[in-house]
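Colleague: I am new to this one, and I would like to learn how to read its charged contacts and its helices. Could you take me through them?

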Amino acid sequence: CETIREFMERVFTLELAVWRASCLQFDEERFSSMREVLDYESSIASSGAPFDDHGYKVDRRIKSGADIIVRGVIPFLEHEPVEDLVQKFRDY
């Protein structure tokens, strides 16, 4: 259903935006690009092992809190047919 697809795209976009913000702004550091973040993290990595870019991104995605934020935002979509969409998911 097109409505469900559009809704899921919006939710996914929100999740990615939260994840990106989590990567670029954490602790006292602020970065303008993912490359800056990865270069910085690589420079402070300990034990001489190569820095794992993919592992870092996965870790930040988990720690970003996007799942909590998305769940908190969805109820504010009062004028959107959220309940209808949820029911369509259940019926699917």
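Modeller: Gladly; we will go through the salt bridges and then turn to one helix. Please keep in mind that this is a predicted model.

Colleague: Let's begin with the overall tally. How many salt bridges does a search of the whole structure find?

Modeller: The search finds four salt bridges. To read one, look for a side-chain nitrogen of Lys or Arg within 4 Å of a carboxyl oxygen of Asp or Glu. Take Arg61 and Glu15: their side chains form a salt bridge, at 3.3 Å from N to O. This pair connects distant parts of the chain, with Arg61 in helix α3 (residues 53–63) and Glu15 in helix α1 (residues 2–24), 46 residues apart.

Colleague: Are those two residues buried, exposed or partly exposed, and what are their relative accessibilities?

Modeller: Arg61 counts as partly exposed because its relative accessibility is 34%. Glu15 also counts as partly exposed, at 26%.

Colleague: Now for pairs within a helix. Why do residues three or four places apart point the same way?

Modeller: The general idea is that an α-helix has 3.6 residues a turn, so residues with that spacing point the same way. Here, Arg35 and Asp39 both belong to helix α2 (residues 34–44) and sit four residues apart, about one turn of the helix. Their side chains meet in a salt bridge of 3.3 Å, N to O. Arg35 is partly exposed at 47% relative accessibility, and Asp39 is partly exposed at 45%.

Colleague: Which residue forms a salt bridge with Lys63?

Modeller: That is Asp59, whose side chain meets that of Lys63 at 3.3 Å, N to O. The two are four residues apart in helix α3, so about one helical turn separates them. Lys63 counts as exposed, with 55% relative accessibility, whereas Asp59 is partly exposed, at 31%. There is also a network elsewhere: salt bridges with shared partners join Arg35, Asp39 and Asp53.

Colleague: Back to α2, then. Which of its residues are buried?

Modeller: The buried residues of α2 are Val37, Leu38 and Glu41. Looking down the axis of α2, you would find them within an arc of 95 degrees, so these buried residues line one face of the helix.

Colleague: And what is the cut-off for calling a residue buried?

Modeller: Buried means under 20% relative accessible area. Val37, Leu38 and Glu41 are therefore under that cut-off.

How values were computed
Residues numbered from 1 in each chain as written. Predicted model: local features only at pLDDT ≥ 70, side-chain atom pairs only at ≥ 80, totals over all residues. Heavy atoms only, no water. Buried < 20%, exposed > 50% of the residue type's maximum accessible area, 1.4 Å probe, protein only. Arc of directions from axis to C-beta.
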